[in-house]
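Welcome! Please take a moment to look over the sequence and the model before reading on.

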Amino acid sequence: MRLFLLALFVALIHGVWWLTGDLIAQGGGLADPDSYTRLIRVERLLETGAWFDGGLNRFNAPFGMTIHWTRPLDVLLIGLSLPLVPALGWGKALYGAGVVLSPLLHVLTALAMAWAA
């Protein structure tokens, strides 16, 4: 019964967040430039296969810049976009996965925290 009440509370919090929260997420967009940069980085990973290369030439021209972000989130983005690739192509599939991934991880984390409590 307590777990059900916690899950109901989590659902209520997410409902309120959705109704009064971030208008960008509600519109189906990405939240900030870092999100778009992440997608560029994942597209580069898919093109080159260079797992350990964190450099982006678009920043600090003409020298480029190394971004120290973790790759497991990139793997989640790729995995979430794989079913969409045949219909949409990599670019649009990654964008769709980028829009869905953060709220999905938010809900899963909230449920895990409620279970742990």
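## About the model

This is a predicted model: local features need pLDDT of at least 70, side-chain atom pairs count only at pLDDT 80 or more, and totals for chains, interfaces and linings use all residues. Residues are numbered from 1 along each chain as its sequence is written, and side-chain values use heavy atoms, with hydrogens and water left out.

## Helix 3

Let us start with helix 3, which covers residues 33–48. Helices here are DSSP runs of H or I with at least four residues, strands are runs of E with at least two, and both are numbered from the N terminus. From first C-alpha to last, helix 3 reaches 22 Å, close to the 22 Å expected for its 16 residues at 1.5 Å a residue; the expected span is 1.5 Å times one less than the number of residues. After helix 3 comes Gly49, with a positive phi near 75°.

Thr37, Arg38, Leu39, Arg41, Val42 and Leu45 are the buried residues of helix 3. Buried means under 20% relative accessible area, exposed over 50%, and partly exposed in between (1.4 Å probe, protein chains only). Their cover includes strand 1 (55–56), helix 4 (72–81) and helix 6 (90–116).

## Gly98 in helix 6

Helix 6 holds Gly98, which is buried at a relative accessible area of 14%. Leaving aside neighbours within four places in sequence, Gly98 is in contact (heavy atoms within 4.5 Å) with Leu30 and Leu77.
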